[in-house]
Amino acid sequence: GWFTDSYGKEDDIEEELFDVIIMDALDPDQFVEIVGNLYKDNKFVDALFNGLTEDGVFVIQLGEADHSTDPGDDMGQSQDVRDMKNGLESV
C-alpha cells in the first residue's frame, strides 16, 4: 500500500514525516485475511517507525485487554496480537 511504499525504506523517504501516528488496528478476533498479514508484515511495522520524526510518537489500539481466563498468546486469535507485539519490539 501507499504507506509501506512511501516509508518502507528508511534511506528512500520523500514524503513528510509525522509527529504522531495513531493506529486503530483491526481486532484480532475478526478473522479477515488482511488482519493476520498486517500483524506479520515487518515491512509495515518498519514503515510506521520510518514515518515518524525523531521525537515522533506511535500509538496503537490492539484489541481488548487480556483477561485472566484468556488463552496464552501462542493459542487461537491471540497469535495475531503476539505477532504484532513481537514486530513492534523488534524495531
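## The protein at a glance

Of the 91 residues in this protein, 32% are buried, where buried means under 20% relative accessible area, exposed means over 50%, and partly exposed lies in between (1.4 Å probe, protein chains only). The model is a predicted one: local features need pLDDT of at least 70, side-chain atom pairs count only at pLDDT 80 or more, and totals for chains, interfaces and linings use all residues. Residues are numbered from 1 along each chain as its sequence is written, and side-chain values use heavy atoms, with hydrogens and water left out.

Let's start with the overall layout. The protein has 4 helices and 2 strands, and along the sequence they follow the pattern α-β-α-α-β-α. Helices (H or I, at least four residues) and strands (E, at least two) are DSSP runs, numbered from the N terminus.

## Contacts and surface

Which share of the contacts with a separation of 6 or more comes from residues 24 or more positions apart? The share is 66%, with a contact meaning heavy atoms within 4.5 Å.

Accessible areas come from the Shrake-Rupley method with a 1.4 Å probe; for residues, only the protein chains shown count as cover.

Val20, Ile22, Val57 and Val59 make a nonpolar surface patch of about 360 Å². The elements giving two or more residues to this patch are S1 (18–24) and strand S2 (52–61). Patches are built from residues with over 30% relative accessible area and no salt bridge; like charges are joined within 9 Å, and nonpolar side chains (Val, Leu, Ile, Met, Phe, Trp, Tyr) within 5 Å. A salt bridge here is a side-chain nitrogen of Lys or Arg within 4 Å of a carboxyl oxygen of Asp or Glu.

Val59, in strand S2, is partly exposed at 42%. Met23 also has its place in strand S1, but Met23 counts as buried because its relative accessibility is 11%. From Met23 to Ile60 the C-alpha atoms are 4.7 Å apart, while the two residues are 37 apart in sequence.

Glu10, Asp11, Asp12, Glu14, Glu15, Asp41 and Asp46 form a negative surface patch. Here Lys and Arg count as positive and Asp and Glu as negative, with His and the chain ends not counted; each charge is placed at NZ of Lys, CZ of Arg, CG of Asp or CD of Glu. One member, Glu14, sits in the loop between helix H1 (2–7) and strand S1. Glu14 counts as exposed, with 74% relative accessibility.

Ser6 belongs to helix H1 and is buried, with a relative accessible area of 12%. Leaving aside residues up to four places away in sequence, Ser6 touches Asp12, Ile13 and Glu15.

## A look at helix H4

Lys85 is found in helix H4 (residues 78–90). With 35% relative accessibility, Lys85 counts as partly exposed. Lys85 and Leu62 are 23 residues apart in sequence, and their C-alpha atoms are 9.2 Å apart in space.
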